[in-house]
Amino acid sequence: MVPERLSVLVAGGGPAGFMAAISAAEAGVGGVHLLEATPEPLHKVRISGGGRCNVTHACWDPRELVAHYPRGSRALRGPFSRFAAGDALAWFHEHGLELVEEADGRLFPRSNRSSSVVDTLRRAAATAGVTLHTGLALQSAVLAADGFALQLRGQQLSGQSGAVSARRLVLATGSHPSGRRVAASLGHSLVPPVPSLFTLALAGEPLLALAGVAMDPVGLTLELPDGGIQRQRGPVLITHWGLSGPATLRLTAFAARQLHGCRYRARLRVDWSGGRSQADLEELFQQARSAQPRRQLGNARPWPDLSRRLWQHLVAGAGVEPERRWAELTRQQQGGLIAALRDSRYTVSGRGPFGEEFVTAGGVSLGEVNLATMESRICSGLYLVGELLDVDGITGGFNFQHCWTSGWIAGQAISESAGGPTISGSGRRSRTSADTSQPG
Ligand SMILES: Cc1cc2nc3c(=O)[nH]c(=O)nc-3n(C[C@H](O)[C@H](O)[C@H](O)COP(=O)(O)OP(=O)(O)OC[C@H]3O[C@@H](n4cnc5c(N)ncnc54)[C@H](O)[C@@H]3O)c2cc1C
């Protein structure tokens, strides 16, 4: 049963909604109800990070952290100065979950299981007194005398009409259109949603035979039809359809809007050489010629870190017989091979079918939200958090970090507006007073 009059309704049982609800309830706000449309809250947390959940990233300085958000960026400095990756680490520690840093800075639960994160959030919510309703969706919201008149929908209503009211409403519906619709109905303008963080399909599947090959670092230069250029360097994984891996995902995140605008058709230049200059490569070729003059090119790479399969593919693509010996390599053939290593050209034909993470760029415009409280500047008592906002990060735990940050800030602000404790600076909350507002 959902009470007909609520103090706080959080719509959306994902990471941002859970954090907002827990943060408010732990700060003393009573009567926090968390609504999840599906039977399984925190579904994306469960499937995240390949089932391991990349909770956040070891990037401790808010000024550096913001550089990982193609949408949001500098505007997030304020929120991150209040609750950033170090605060998330401490928060999970305080709630019984140890996070472990990997060599590339990503933080995962020590158990390596996303279920530990789900369990931690669910336990924290229950302990703090948050009431969770699953299988119940927020359908509409209109401003009323004392907050919002809401219409809920779902089988769990069991005879109830679904009409309830709430003094404060937190929208944490992620990329689901229903949340955007409610935000728009309350006066918010929306930045059109487009996909971010996807893999690239290449026309003609030129790398099909190399599926599974990983190289690091690889330089990617995306040339867009409007003349725009995006560059990234880092690990790349060759797939059946084209390219994946962190550098590809970073590239598509920063170029998400432009790529959408040109229907995912662009030119891609790939530097497979690890950033080596023409002179470096000529020197390496000279060394290979001297050290292994009689070895066949197909069997002897110019340097050991170069994938054997990729090298053989580039040799064939440059029209050089793999049986040719290093001593027999002509200047022209060397030029062709160096060009293939430094500047292979492909045509992007679309988005790849799978990604490690998919997020949506776009959503409620940040300019319409007070980022010190996550409260709407348009509609008082409405809070907006998580992926619903026009914020998205690159792969590496940055998307969840924004959920922890925006959710935590909203919860604190709700407590403050209800007469709870005032939190300043980056200090974490001190749990002192209780909200006197009760449901009803
Ligand atoms: C496969 C995959 C792997 C990922 N891995 C990572 C990772 O390792 N690290 C990382 O940082 N990010 C990762 N992400 C991104 C991350 O999952 C999202 O950025 C994050 O979940 C957004 O959180 P949210 O709470 O804003 O929205 P969501 O997680 O989408 O949660 C919103 C919830 O609201 C519910 N809902 C929607 N509409 C309504 C309504 N009207 N009423 C009630 N409930 C509603 C939805 O059912 C959903 O449960 C991954 C994403 C995917 C798809």
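## The nonpolar core

The largest nonpolar core of this predicted model holds 124 residues, and Val-10, Ala-20, Ala-21, Val-170 and Leu-384 have the most contacts inside it. A nonpolar core here is a set of buried Ala, Val, Leu, Ile, Met, Phe, Trp, Tyr and Cys residues joined through C-beta atoms within 7 Å. Helix 13 (residues 398-417) gives the most to this core, namely nine residues. Because domain 1 (5-194 + 357-417) and domain 2 (198-355) both give residues to the core, it lies between them.

Let's take a look at one member. Leaving aside residues up to four places away in sequence, Ala-20 touches Val-10, Val-170, Ala-172, Tyr-383, Val-385, Gly-407, Ala-410 and Gly-411. Two residues are in contact if their C-beta atoms, placed from the backbone, lie within 7 Å.

## Two domains

The domain bounds come from an automatic or database domain assignment. The C-alpha centres of domain 1 and domain 2 are 40 Å apart. Where they touch, eight residues come from domain 1 and ten residues from domain 2.

On the side of domain 1 that touches domain 2, you will find five nonpolar, one polar and two charged residues. In this scheme Ala, Val, Leu, Ile, Met, Phe, Trp, Tyr, Cys and Pro count as nonpolar, Asp, Glu, Lys and Arg as charged, and the others, Gly among them, as polar.

## Around the ligand

There are 39 residues around the ligand, of which Gly-12, Gly-14, Ser-48, Gly-174 and Gly-386 come nearest.

Helix 13 returns here: its four residues are the largest share of the shell around the ligand. Among the other elements that each supply at least two residues are helix 1 (15-26), strand 2 (32-36) and helix 7 (177-185).

## The whole protein

The protein has 13 helices and 20 strands; these are DSSP runs numbered from the N terminus, with helices (H or I) of at least four residues and strands (E) of at least two. Of its 440 residues, 48% count as buried, meaning that 20 or more other C-beta atoms lie within 10 Å of the residue's own, with C-beta atoms placed from the backbone. Taken along the principal axes, the C-alpha atoms fill a box of roughly 85 × 40 × 35 Å.

## Reading the model

Residues are numbered from 1 along each chain as its sequence is written. As this is a predicted model, local features need pLDDT of at least 70 and side-chain atom pairs count only at pLDDT 80 or more, while totals for chains, interfaces and linings use all residues.

Technical notes:
A residue is buried if 20 or more other C-beta atoms lie within 10 Å of its own, exposed if 12 or fewer, and partly exposed in between; C-beta atoms are placed from the backbone. A residue is near a molecule or strand if its C-beta atom, placed from the backbone, lies within 6 Å of it.
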